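Visitor: I would like to learn how to read a model of this kind, one feature at a time. Could you take me through it slowly?

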Amino acid sequence: MIITVNGINANLRFSSAHFIPGHDSCGFIHGHSYFVDIEIEGDRSGEFDFVVDFKDIKSSVNEICNELDHKLIIPIFHEMISFKDFDENSISVENLEKRNSVSFKIGEKGYTIPTNDCKFLPLKYSSAEELSKYFTENLVEYLEKKYNNLNYVSVGVNEGIGQGAIFKKILRD
Ligand SMILES: [Zn+2]
């Protein structure tokens, strides 16, 4: 059986700024009102004959939404972003978060931003494609601790109404 959670109606949303380095129009810092849709297939099981308890899905996804909400999302492994004082060996989310502010360059453009205003992600891009994969992998990691009845987990990250990306992780055939 398939269960779904609709992000707009279930309030799985976040508003964040991001940029796609090198892109004509998306290379500038801009924002989206994102929402996250979920689809999970599995066998019904357990005390209540659920596929998954909706509470588990929503609390896990909401946690990620809250981490991203009202932040500038920075994908730290993008090859065009060079962080001051960090090289490829020292760059990590953890090390960046230790700073009060971070400075980075994208080509000729330089930025200095308080760390509290940012959410660093261990990704190459902050596109809907990468964010949907990030959400899916986090949700799967959380659900796999409690469930062994699931066939796939699929998460869609929408950049507002009308455009988004879906990443589907198959857990068993
Ligand atoms: Zn965008």
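Visitor: Leaving aside its neighbours within four places in sequence, with which residues is Val-61 in contact?

Guide: Two residues are in contact if their C-beta atoms, placed from the backbone, lie within 7 Å. By that criterion, Val-61 touches Leu-12, Val-36, Ile-38, Phe-135 and Leu-139, its neighbours within four places in sequence being left aside. Please keep in mind that this is a predicted model, in which local features need pLDDT of at least 70 and side-chain atom pairs count only at pLDDT 80 or more, while totals for chains, interfaces and linings use all residues. Residues are numbered from 1 along each chain as its sequence is written.

Visitor: How many helices and strands are in the chain, and what pattern do they follow?

Guide: Helices (H or I, at least four residues) and strands (E, at least two) are DSSP runs, numbered from the N terminus. Here there are three helices and 10 strands, and reading along the sequence gives the pattern β-β-β-α-β-β-α-β-β-β-α-β-β. The C-alpha atoms fill a box of roughly 55 × 35 × 25 Å along the principal axes, and among contacts between residues at least 6 apart in sequence, 58% join residues at least 24 apart.

Visitor: Which residues have the most contacts inside the largest nonpolar core?

Guide: The general idea is that in soluble globular proteins, nonpolar side chains tend to be buried together. A residue is buried if 20 or more other C-beta atoms lie within 10 Å of its own, exposed if 12 or fewer, and partly exposed in between, with the C-beta atoms placed from the backbone; a nonpolar core is then a set of buried Ala, Val, Leu, Ile, Met, Phe, Trp, Tyr and Cys residues joined through C-beta atoms within 7 Å. In this chain the largest such core has 33 residues, and those with the most contacts inside it are Val-36, Val-61, Cys-65, Phe-135, Val-155 and Val-157. At least two core residues come from each of strand E3 (30-42), helix H1 (54-68), strand E4 (72-75), strand E6 (101-106), strand E8 (118-121), helix H3 (128-144) and strand E9 (150-159), and the largest share, six residues, is supplied by H3. Of the 173 residues of the chain, 28% count as buried.

Visitor: Which residues of H1 are buried, and why do they line one face of the helix?

Guide: An α-helix has 3.6 residues a turn, so residues three or four places apart point the same way. In H1, the buried residues are Ile-57, Val-61, Ile-64, Cys-65 and Leu-68. Seen down the axis of H1, they fall within an arc of 105° (the arc of the directions from the helix axis to the C-beta atoms), and they therefore line one face. On the other side of H1, Lys-55, Ser-59, Glu-63 and Asn-66 are exposed. The buried residues pack against strand E1 (2-5), strand E2 (13-18), E3, E4, E8 and H3.

Visitor: What is the phi of His-70, and where is His-70 found?

Guide: Phi of His-70 is near 60°, a positive value in a residue other than glycine, and His-70 is found in the loop between H1 and E4. His-70 counts as exposed because 12 other C-beta atoms lie within 10 Å. Asp-85 also has a positive phi, of about 75°, although it is not a glycine, and Asp-85 lies in the loop between E5 and helix H2 (93-97).

Visitor: In what order do the three strands of the open sheet stand, and in which sense do they pair?

Guide: Two strands pair if DSSP finds at least two bridges between them. The order in this open sheet is E5-E6-E7, with antiparallel pairing, and the edge strands, each pairing on one side only, are strand E5 (81-83) and strand E7 (109-114). Six bridges join E6 to E7, and Ile-106 has Lys-109 in E7 as its bridge partner. Elsewhere, E4 and E8 pair in the parallel sense over four bridges, and Ile-73 stands opposite Lys-119 in E8.

Visitor: Which way do the residues of E8 point, and are they buried or exposed?

Guide: Cys-118 and Phe-120 point one way from E8, Lys-119 and Leu-121 point the other way, and all are buried.
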